[in-house]
Amino acid sequence: MRDFSQWMADHQAEWRKGHVVTSEHGLHGEKSHAWILPAAAWEEGLWPGLRAGQPDSIAAYLKSVGASRHSESHNLKSSWVACANLYFPFRLDVKDRAMLAAFLARKANAEIRTVDRVELEYAEDGALHPGELLGEQGGSRGAGQTSPDIAFLVNGGNGIVLTESKLTESSFATCSARTEEEKPDRPPNPDISRCLDAVKVALNPDAQCHQVVWGRKYWERLGGAIDVAALSSLKACPAALGGYQLFRQQALAEGYTQKYDLVVSAVAYDERNEALVRCLKRTGIDAFPQGWGELFKGRASFAAWTHQAWVEWVREHHAGRWTDWLEWIGERYGYRRPVVA
């Protein structure tokens, strides 16, 4: 689907007619759109079991853990809300966590036996806080730091799967330090052409990577985990032209190996999003996720799966417990099983 973002915008504008009480359009910047809810009505985009007053209320959860709600949560195309709708409802019941564990064992790491906790915008404290581990000072859980959209703590707390969720986004973002514009307390990059030699950046980040000037420790975490031979085939640093979020999460994951025996940096995405699949082409990777995991040889591994694969897994293994959710999620995102003539 070549213009997936527009398809999803149209789909959400139609979906809200039968599922959202208010017909008022919300704002994206200064423009109103049919697929954006008024900010105060953001919960109407959630699976009903995640709304205020329910045992698994997202709002109550975020307050309890001190995490920030995503600024685009009133956007019906929000990947953060999609992540919550798709995975968070399965955290409370032991049978549902077992279903998640079996899925992750197939898609993320075969050594996964149990899922013990499911957390949104996950962040550790102390030495593993992103401020300490990655040098991302001034952030908080869910804002201004690398916090995976959702984390699955597995194997009795001895393992963790850090997961970035995508829906209609066209890339994993351009490196924030690849800019010639001055930012508060951050000098501009004097030579962005350095970003186009991945091997030089990896071997000498102090001289070649402007993130180091800003105090970021991504290369410090990944220095011994990068496969330099694999980098030699790239046209740019892995973070430079569309893989910034992937790079940061891989650095976070490698840092987490100080505590966890099993660590996976993962991505969950929509298989129809061709723009995302092709977003690393300028870097030298023709189609995500193939090729990304080969860049790293550290203790943390990389995995990816599609949201469609998870929905299908639930459909095949829920034993009647999630019929309503399957119907709702199918309508919300177009994840219905195709009708075979």
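**Close-up views of a predicted model**

View 1. The axes of H4 (residues 94-107) and H13 come within 11 Å and cross at roughly 130°, with axes fitted to C-alpha atoms over the stretch in contact and angles running from 0 to 180 degrees between N-to-C directions. H4 and H13 are therefore oblique to each other, a word for whatever remains once angles under 35 degrees are called roughly parallel, over 145 roughly antiparallel and 65 to 115 roughly perpendicular. Helices (H or I, at least four residues) and strands (E, at least two) are DSSP runs, numbered from the N terminus.

This is a predicted model, in which local features need pLDDT of at least 70 and side-chain atom pairs count only at pLDDT 80 or more, while totals for chains, interfaces and linings use all residues. Residues are numbered from 1 along each chain as its sequence is written, and side-chain values use heavy atoms, with hydrogens and water left out.

**View 2. Helix H1 packs against helix H14.** The axes of H1 (residues 4-19) and H14 (residues 323-333) lie 8 Å apart, at an angle of about 130°, and H1 and H14 are therefore oblique to each other. On the H1 side, Trp7, Met8, His11, Gln12, Trp15 and His19 take part, and they meet Trp328, Glu331, Arg332 and Tyr333 in H14. The buried residues of H14 (buried meaning under 20% relative accessible area, with a 1.4 Å probe and protein chains only) include Trp325, Leu326 and Ile329, and the buried residues of H14 pack against H1, helix H3 (79-87) and H13 (307-317). Just after H14, Gly334 takes a positive phi of about 75°.

**View 3. Five strands form an open sheet with mixed pairing.** The strand order is E3-E4-E5-E6-E7, where two strands pair if DSSP finds at least two bridges between them. Strand E3 (115-120) and strand E7 (301-306) stand at the edges, each with a single partner strand, so one side of each has no neighbour in the sheet. Neighbouring strands of this sheet are turned by 20° against each other on average, direction ignored.

View 4. E5 (residues 159-165) and E6 (residues 262-269) run parallel and are joined by seven bridges, while E6 and E7 pair in the parallel sense over six bridges. Ala268 in E6 stands opposite Ser165, and the bridge partner of Ala268 in E7 is Trp305. Eight of the eight residues of E6 are buried: Leu262, Val264, Ala266 and Ala268 point one way, and Val263, Ser265, Val267 and Tyr269 the other way. Helix H11 (residues 244-256) lies across E5, E6 and E7, running at about 170° to E5.

Key:
Contact means heavy atoms within 4.5 Å. Buried means under 20% relative accessible area, exposed over 50%, partly exposed in between (1.4 Å probe, protein chains only).
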